[in-house]
Amino acid sequence: MDAVRLIVTSRRALAGGGGAPEIMAEVWQAQALAQAIGSRLAVAGPPELRGEALGLTELAGRGCGVLDTPHLATEDLRAAQLTDLGDARQALLGLGGLLGEVGIALVGLACAADDEGTYWQCMEAIDAADESRDRVRDMLRKLVDREEAVPEREAG
């Protein structure tokens with residue numbers, strides 16, 4: 001499945017809510033998807049994005065690592081369904097939105113947390129999602145710079 005469709009699926013699932021365990025599972029899924037997209041971009045994306053994409057892969061991996069791994073069947077793991085990156089710009093725009101929504105969901109969970117462990121898990125996951133989103137923004141800026149440079153090279 002292509003990245004944009006998986007991102008849309010993740011956004012819908014996150015918006016669907018549920019209890020804290022379901023939301024945490026969706027946050028983990030989103031971070032795993034960000035990690036997979038970063039990995040794809042690092043290997044096969046535009047050369048200008050490869051360094052930032054590696055950083056995204058590491059940050060999203062940290063985001064998964066601070067959360068309890070949900071019990072999912074392999075076919076339910078969205079990151080494993082990623083077969084095509086599609087348009088990098090569209091994928092990054094959608095991923096940036098998803099990571100923003102992840103942060104908002106985590107703030108809600110942290111505010112409602114009954115125990116300190118859950119609270120700090122949310123805080124660390126918020127930090128990872130925010131840093132991942134920053135990487136996505138950096139990659140989008142590099143794509144814009146690249147697109148602006150193409151007409152200049154063709155004119156010159």
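Which residues does L41 touch, not counting residues up to four places away in sequence? With contact taken as heavy atoms within 4.5 Å, L41 touches P46, L49, R50, A53, L85, A88, L92 and M139. The model is predicted, and local features need pLDDT of at least 70, side-chain atom pairs count only at pLDDT 80 or more, and totals for chains, interfaces and linings use all residues. Residues are numbered from 1 along each chain as its sequence is written, and side-chain values use heavy atoms, with hydrogens and water left out.

L41 is among the residues with the most contacts inside the largest nonpolar core, together with I37, L95 and L106; this core has 43 residues. Helices 1 (3-15), 2 (20-44), 3, 4 (88-112) and 5 (116-155) each supply at least two of its residues, and helix 2 gives the most, with 12. Here a nonpolar core is a set of buried Ala, Val, Leu, Ile, Met, Phe, Trp, Tyr and Cys residues joined through side-chain atoms within 4.5 Å. Buried means under 20% relative accessible area, exposed over 50%, and partly exposed in between (1.4 Å probe, protein chains only). Helices are DSSP runs (H or I, at least four residues), numbered from the N terminus.

A salt bridge places a side-chain nitrogen of Lys or Arg within 4 Å of a carboxyl oxygen of Asp or Glu; the count comes to nine. In one of them, R78 and E26 meet at 2.8 Å, N to O. R78 lies in the loop between helix 3 and helix 4 and E26 in helix 2, 52 residues apart; both are buried. E52 and K142 form another, at 3.7 Å. Because E52 lies in helix 3 and K142 in helix 5, this pair ties together parts that are 90 residues apart in sequence.
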